[in-house]
Amino acid sequence: MMLDATKGEVQSALPRSLLEKELESVGIRLNKHKPNIYFKPKKGGGISFNSTVTLTQCSEKLVQLILHEYKIFNAEVLFREDCSPDEFIDVIVGNRVYMPCLYVYNKIDQISMEEVDRLARKPNSVVISCGMKLNLDYLLEMLWEYLALTCIYTKKRGQRPDFTDAIILRKGASVEHVCHRIHRSLASQFKYALVWGTSTKYSPQRVGLTHTMEHEDVIQIVKK
């Protein structure tokens, strides 16, 4: 979310809160995780309510009232963390999207160092200047981290790895994901892979399709 650092505390907070409210109203939750509540509607048996933690924001009576509002009279509910009524409603509705958001304050070349320092210390925030090209490398680094991306390099037999053309995948991607990215039919012809990098105990390590790749690993795929 791009914000203007020159607008000051009140003026820059206004567009940010308006955007956040707008996203909130369509079910997008920024920098929040899915509430740890088990909820399962049933055909009978009434409402079964339990919690593994002390609840300060919700009670069994309030949970029942909320469920009745949504015409739910039979369900199993288990709170595994101290959640608010709004978070419980999000679980009932079930179509909420939880996503990370980076607040990028631009035009820092036009404000004082004290103000830059204050904005930079805010959670989930990065300060930059597009005009002066300040801190853009750090922004790129943070985007990479927030998007949970990882880059994998490929290697042909008897050749050096190709560090000019990386395969970009989500963190937690397996060898099978790498195969699909290279070619649709590669996974069906797969025999084994040799992997160099932090995901292996020794380099190279012979691995199968389910092996999880890590950032900047090198892979050589051997076909049947």
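**View 1. Domain layout of the predicted model.** The centres of domain 2 and domain 3, taken over C-alpha atoms, are separated by 44 Å. The chain is divided into domain 1 (2-28 + 99-147), domain 2 (35-95) and domain 3 (149-223), with bounds that come from an automatic or database domain assignment. This is a predicted model in which local features need pLDDT of at least 70 and side-chain atom pairs count only at pLDDT 80 or more, whereas totals for chains, interfaces and linings use all residues. Residues are numbered from 1 along each chain as its sequence is written, and side-chain values use heavy atoms, with hydrogens and water left out. The average pLDDT of the chain (the predictor's confidence in each residue, from 0 to 100) is 92, and 99% of the residues score at least 70. Among the elements of the chain, the lowest mean pLDDT, 82, belongs to helix α1 (residues 8-25), and the highest, 95, to strand β8 (residues 125-127).

**View 2. The open sheet β3-β5-β4.** Three strands form this open sheet in the order β3-β5-β4, with mixed pairing; helices (H or I, at least four residues) and strands (E, at least two) are DSSP runs numbered from the N terminus, and two strands pair if DSSP finds at least two bridges between them. Because β3 (37-41) and β4 (47-51) stand at the edges, each with a single partner strand, one side of each is left without a neighbour in the sheet. Neighbouring strands of this sheet are turned against each other by 5° on average, direction ignored; axes are lines fitted to C-alpha atoms, for helices over the stretch in contact, and angles run from 0 to 180 degrees between N-to-C directions. Strand β5 (residues 75-79) runs parallel to β4 and is joined to it by five bridges, and F49 has V77 in β5 as its bridge partner.

**View 3. Helices α2 and α3 across the sheet strands.** Helix α2 (residues 60-69) lies across β3, β4 and β5 and runs at about 135° to β4, while helix α3 (residues 85-93) lies across β3 and β5 and runs at about 45° to β3. In α3, the buried residues (under 20% relative accessible area, with exposed over 50% and partly exposed in between, for a 1.4 Å probe and protein chains only) are F88, D90, V91 and I92. The elements that cover these buried residues include β2 (28-30), β3, α2, β5 and β6 (97-99). Just after α3, a positive phi of about 75° is found at G94.

View 4. C101 is found in the loop between β6 and β7 (103-106) and is buried, with a relative accessible area of 8%. Leaving aside neighbours within four places in sequence, C101 is in contact (heavy atoms within 4.5 Å) with M1, L30, N31, N124 and Y146. N106, in strand β7, counts as buried at 15% relative accessibility. With neighbours within four places in sequence again left aside, the contacts of N106 are M2, L3, D4, A5, T6, I128, S129 and C130.

View 5. Five of the six residues of strand β9 (residues 149-154) are buried, so β9 is largely enclosed by the rest of the structure. Strand β9 pairs with strand β10 (residues 167-170) in the antiparallel sense over four bridges, L149 standing opposite R170 in β10; with strand β13 (residues 218-223), β9 pairs in the parallel sense over two bridges, T154 standing opposite I219 in β13. Strand β11 (residues 190-196) pairs with β12 in the antiparallel sense over three bridges, and the bridge partner of A193 in β12 is V207.
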